[in-house]
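Please open the entry in your viewer and display the backbone as a cartoon. The stops below are arranged so that each selection leads to the next.

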Amino acid sequence: MEPRSVRFSQTTLTELMIPSYANFGGKIHGGILLSLIDKVAYACAARHAGTYCVTVSVDGVDFLEPVEVGDLVSLHASVNYVGRTSLVIGIRVIAENVKNGTQRHTNTSYVTMVAKGDDDKPTVVPELLLENEDDARRFLEAIKRRELKENYKDAFDNAKTRLDVQDNLHKLSKQRCVIGWETEKSE
Ligand SMILES: CC(C)(COP(=O)(O)OP(=O)(O)OC[C@H]1O[C@@H](n2cnc3c(N)ncnc32)[C@H](O)[C@@H]1OP(=O)(O)O)[C@@H](O)C(=O)NCCC(=O)NCCS
C-alpha cells in the first residue's frame, strides 16, 4: 500500500446556514455543526483509506462563537494522524458573514475514524506521507493528545472507583444543588 499525502484527502465542505438550522434563540444548533463535522471527517478519512469508515470518537467540541443564520460555514478537514486501522481527522470550522466579509474561527475538532473492510472488520490504512513540518507537527500533536486522553481516562476511572459518595457529600454544600434524600448524617 503506497503512503498517501495529507493533501491527497484534504476536504472542504461549505454550507449555507438556513433558518431551519436555528434554535429558539436564532443561532445555529450545535447538533447541525456536529453533523457537518462528522460528514466532512468521513469524506476525508474515506478518501485516505479508500474504504468505508466509522466514527469512533470526537474530541475538542468547544463552540467558541455562535453561528448565525445566513453565515456560510466552511469545514476544512485533513488527516492529522494514522494508526494501523484508525485515522485522526482535524477539522477547522470557519463561519463567514458574506455581507461584511468577516470570518470567525468557531472551533477545531478532532475526529477518530476507523476504516472497515468488506468483512466489516477494521482494516489497515495507508501510511501518511508527511510533506512538511506542519504535517509532522499535527501528527506529533495527535500522538500527544492520544497519550493525554489515555492518562486522563486511567486517572478518572481510578478516581471514580475510589469515590465514596457519603464521604464526599460535604463537597456539594457550596454547589448549586440540593440534597433531596435522607443522608446518613441527616438521619
Ligand atoms: C471502531 C470499532 C470498529 C473498534 O473496534 P475494536 O474491536 O475496538 O477494534 P480494534 O481493537 O481492532 O481497534 C481498531 C482501532 O480503533 C482504535 N480505537 C478503538 N477504540 C477507540 C477509541 N475509543 N478512541 C480512539 N481510537 C479507538 C484502536 O486504537 C485501533 O486503532 P489502530 O488500529 O490504529 O491501532 C468498534 O468500536 C465499532 O464498530 N464502533 C462503532 C462505530 C460506529 O458505528 N460509529 C458510528 C456512530 S453510531
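**Before selecting.** Residues are numbered from 1 along each chain as its sequence is written. This is a predicted model, in which local features need pLDDT of at least 70 and side-chain atom pairs count only at pLDDT 80 or more, while totals for chains, interfaces and linings use all residues.

**Select the whole protein.** Four helices and seven strands make up the secondary structure; helices (H or I, at least four residues) and strands (E, at least two) are DSSP runs, numbered from the N terminus. Read from the N terminus, the order of elements is β-α-β-α-β-β-β-β-β-α-α. The C-alpha trace spans about 70 × 45 × 35 Å along its principal axes. Of the 187 residues, 24% count as buried, that is, with 20 or more other C-beta atoms (placed from the backbone) within 10 Å of their own.

**Select residues 7–119.** UniProt, in an unreviewed entry, places the feature "domain: HotDog ACOT-type" here; such annotations may be inferred rather than shown by experiment. The span is 20% helix and 44% strand, and its end C-alpha atoms lie 29 Å apart.

**Select the ligand and its surroundings.** Around the ligand are Val54, Thr55, Val56, Ser57, Gly83, Arg84, Thr85, Ser86, Thr112, Val114 and Pro122, where the criterion is a C-beta atom, placed from the backbone, within 6 Å. Two or more residues of this shell come from each of strand 3 (52–59) and strand 6 (103–116). Strand 3 supplies the largest share, four residues. By class, the shell has four nonpolar, six polar and one charged residues; Ala, Val, Leu, Ile, Met, Phe, Trp, Tyr, Cys and Pro count as nonpolar, Asp, Glu, Lys and Arg as charged, and the others, Gly among them, as polar.

**Select strands 3 and 6.** These strands run antiparallel and are joined by seven bridges; two strands pair if DSSP finds at least two bridges between them. Which residue of strand 6 is the bridge partner of serine 57? The partner is threonine 112, and both residues also belong to the ligand's surroundings.

Strand 5 (residues 86–96) pairs with strand 6 in the antiparallel sense over eleven bridges. Here arginine 92 stands opposite threonine 108 of strand 6. Finally, centre on the turn: strand 5 and strand 6 form a hairpin with six residues between them, and glycine 101 in that turn has a positive phi of about 75 degrees.

Terms used. A residue is buried if 20 or more other C-beta atoms lie within 10 Å of its own, exposed if 12 or fewer, and partly exposed in between; C-beta atoms are placed from the backbone.
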